[in-house]
Amino acid sequence: MAKRIETFVNFIVSQLDCSESEKVELADEIHTHLFLLKDEFRKKVFSEEQAVSAALFAFKEGQKRSNGIKHSTLPYVKFTKWGGFLFCWLLAFLFMKEGFSLLERMNHPDGEGVGVYFFLFEINDQVPLENVPLYITGFLAASVVAVIFPFVVFHRKVSRYIAIVWASA
């Protein structure tokens, strides 16, 4: 009977998209959970074979429910992921555009300094010419960070965590 549980656990873990250490850890958890279920059914006057079958059935039913929740939240996760990517890339474009715009205005100053604006906001009205390269560097660095940010946030593990939290909310 333990062989049926072992085969079932190996089948489930083989379908997972994670590292080997995570697979081993999950296999141990599932294995423990199934044996606890089996023992619980065994105490209710089931035979050993019936207890194993009941434990596997109960586990499969729970898995179906969690898959249903996962599939119902999947469109929101995809929307969040793609929306986050697009927003960050648009922000990166705006930062880069402002950095190059400052570089151009630095060559043609209007009076004592250069005005620094981002989107609809005035950051500084008169930046002295010697400080403009700092602003240019800041805008270009912010554009690089805005490009890299979604790759860090929407990494598979982070996305999986967001999906789990979203599903449990």
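Which side chain meets that of Lys38 in a salt bridge at 2.8 Å, N to O? I started my notebook with this one, and the partner turned out to be Glu48. A reminder to myself before going on: this is a predicted model.

**Entry 1: around Lys38**

Lys38 sits in helix α2 (residues 20-43) and Glu48 in helix α3, so the pair, 10 residues apart, links what count as distant parts of the chain. Lys38 has a relative accessible area of 10%, so I filed Lys38 as buried. Glu48 comes out at 30% relative accessibility and is partly exposed.

Lys38 has another contact to note. Its side chain also meets that of Asp39 in a salt bridge, at 3.8 Å from N to O. That distance passes because the cut-off for a salt bridge is 4 Å. Asp39 is partly exposed, with a relative accessible area of 35%.

I then asked which residues the network of salt bridges takes in. Lys38, Asp39, Arg42 and Glu48 are linked in it. For the whole model, the salt-bridge count comes to four.

**Entry 2: Glu98 and Arg105**

I moved on to another salt bridge, the one between Glu98 and Arg105. Their closest N and O atoms are 2.7 Å apart. Is Glu98 buried or exposed? Glu98 counts as buried, because its relative accessibility is 11% and the limit for buried is under 20%. Arg105, at 23%, counts as partly exposed.

**Entry 3: a nonpolar patch**

I wanted to know which residues make the nonpolar surface patch of about 270 Å². They are Met96, Phe100 and Leu103. I checked Phe100 in more detail: it is found in helix α3, which covers residues 48-107. Its relative accessible area is 47%, so Phe100 is partly exposed.

Met96 came up again when I looked at Ala141. The two are 45 residues apart in sequence, yet their C-alpha atoms lie 8.6 Å apart in space. Ala141 belongs to helix α4 and, at 40% relative accessibility, is partly exposed.

**Entry 4: helix α4**

**Entry 5**

Now for the strands. Strand β1 takes in residues 113-118, and five of its six residues are buried, so β1 is largely enclosed by the rest of the structure. Its partner is strand β2 (residues 121-128); the two run antiparallel and are joined by five bridges. I noted that Phe118 stands opposite Phe121 in β2.

How many residues lie between β1 and β2 in the hairpin? There are two, and Phe119 in the turn has a positive phi of about 60°.

I also looked up Gly113, which is found in β1. With a relative accessible area of 0%, Gly113 is buried. Gly113 and Val127 are 14 residues apart in sequence and 4.9 Å apart in space, C-alpha to C-alpha.

**Entry 6: stepping back**

Last, I took in the whole chain. It holds five helices and two strands. Read from the N terminus on, the elements go α-α-α-β-β-α-α. How much of the chain do buried residues make up? They account for 25% of its 169 residues.

How values were computed. Residues are numbered from 1 along each chain as its sequence is written. This is a predicted model: local features need pLDDT of at least 70, side-chain atom pairs count only at pLDDT 80 or more; totals for chains, interfaces and linings use all residues. Side-chain values use heavy atoms; hydrogens and water are left out. Patches are made of residues with over 30% relative accessible area and no salt bridge: like charges are joined within 9 Å, nonpolar side chains (Val, Leu, Ile, Met, Phe, Trp, Tyr) within 5 Å. Accessible areas come from the Shrake-Rupley method with a 1.4 Å probe; for residues, only the protein chains shown count as cover. Helices (H or I, at least four residues) and strands (E, at least two) are DSSP runs, numbered from the N terminus. Buried means under 20% relative accessible area, exposed over 50%, partly exposed in between (1.4 Å probe, protein chains only). Two strands pair if DSSP finds at least two bridges between them.
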